[in-house]
Amino acid sequence: MPLPIDPAAIDPEDYGEHRIELEMSHEEAIEHVRDVCEDAGFGIPVEFSPSDMLNEKVDADRDPYYVLGACNPAVADKALDVTKSIGGLFPCNMIVWEAEPGRQVVYHVSIMKIARLLGMAPDDEEWQAIVDETGEYVATVFEELEAA
């Protein structure tokens with residue numbers, strides 16, 4: 001079944017993709033990303049290691065992979081006022097995976113931009129303000145990570 005859109009035709013800026021590599025251990029990167037997120041205005045109400053779970057449950061032999069579920073409650077509250085379905089994409093995840101020992105990738109995509117692209121959220125000024133606000137938090141996170 002063909003996709004209704006060509007994913008290659010979408011600019012990563014349209015879905016808010018950010019990626020950076022950090023030269024540190026996996027555990028150091030997780031702690032660093034958590035601290036930077038919290039300093040930028042995100043809390044981390046959810047975090048887990050899919051690699052640990054999969055390695056344990058299905059003997060997957062996965063390299064370290066960790067999810068930090070970042071959230072700014074004030075922005076999340078505004079987003080839910082606009083569209084209840086946005087909760088299906090909560091929280092704003094920051095992913096940390098080990099590219100190789102001593103080198104970690106930090107990855108994020110904007111759930112707010114994705115919701116708009118998929119029609120889950122309106123393409124209006126109110127939603128754009130939410131996209132802009134979350135974008136400022138994420139930009140701060142990645143600027144700080146780049147400075148490390």
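Colleague: How many disulfides does a search of the whole structure find?

Modeller: The search finds zero disulfides, a disulfide being counted when two cysteine sulfur atoms lie within 2.5 Å. Bear in mind that this is a predicted model, in which local features need pLDDT of at least 70 and side-chain atom pairs count only at pLDDT 80 or more, while totals for chains, interfaces and linings use all residues. Residues are numbered from 1 along each chain as its sequence is written, and side-chain values use heavy atoms, with hydrogens and water left out.

Colleague: Is cysteine 92 buried or exposed?

Modeller: Cysteine 92 counts as buried because its relative accessibility is 10%, where buried means under 20% relative accessible area, exposed over 50% and partly exposed in between, using a 1.4 Å probe and protein chains only. Cysteine 37 also counts as buried, at 0%.

Colleague: Changing topic, what is the strand order in the sheet?

Modeller: It is an open sheet of five strands in the order β1-β5-β4-β3-β2, with antiparallel pairing; strands are DSSP runs of E with at least two residues, helices are runs of H or I with at least four, both numbered from the N terminus, and two strands pair if DSSP finds at least two bridges between them. β1 (18-22) and β2 (43-48) stand at the edges with a single partner strand each, so one side of each has no neighbour in the sheet.

Colleague: What does β5 pair with, then?

Modeller: β5 (residues 103-108) pairs antiparallel with β4 (residues 92-100) over five bridges, with valine 96 opposite valine 106. Five bridges also join β5 to β1, again antiparallel, and there glutamate 21 has valine 105 as its bridge partner. Five of the six residues of β5 are buried.

Colleague: How many residues sit between β4 and β5 in the hairpin?

Modeller: Two, and glycine 102 in that turn has a positive phi of about 85 degrees.

Colleague: Last one, which kinds of residue line the largest cavity?

Modeller: Its lining divides into ten nonpolar residues, two polar and no charged, where Ala, Val, Leu, Ile, Met, Phe, Trp, Tyr, Cys and Pro count as nonpolar, Asp, Glu, Lys and Arg as charged, and the others, Gly among them, as polar. The lining includes Cys71 and Cys92. A cavity here is a set of points on a 1 Å grid over the protein atoms alone where a 1.4 Å probe fits but cannot get out, and lining residues have an atom within 4 Å of a point.

Methods: On a 1 Å grid over the protein atoms alone, a cavity is a set of points where a 1.4 Å probe fits but cannot get out, and a pocket is an open set with protein on both sides within 12 Å along at least five of seven lines; lining residues have an atom within 4 Å of a point.
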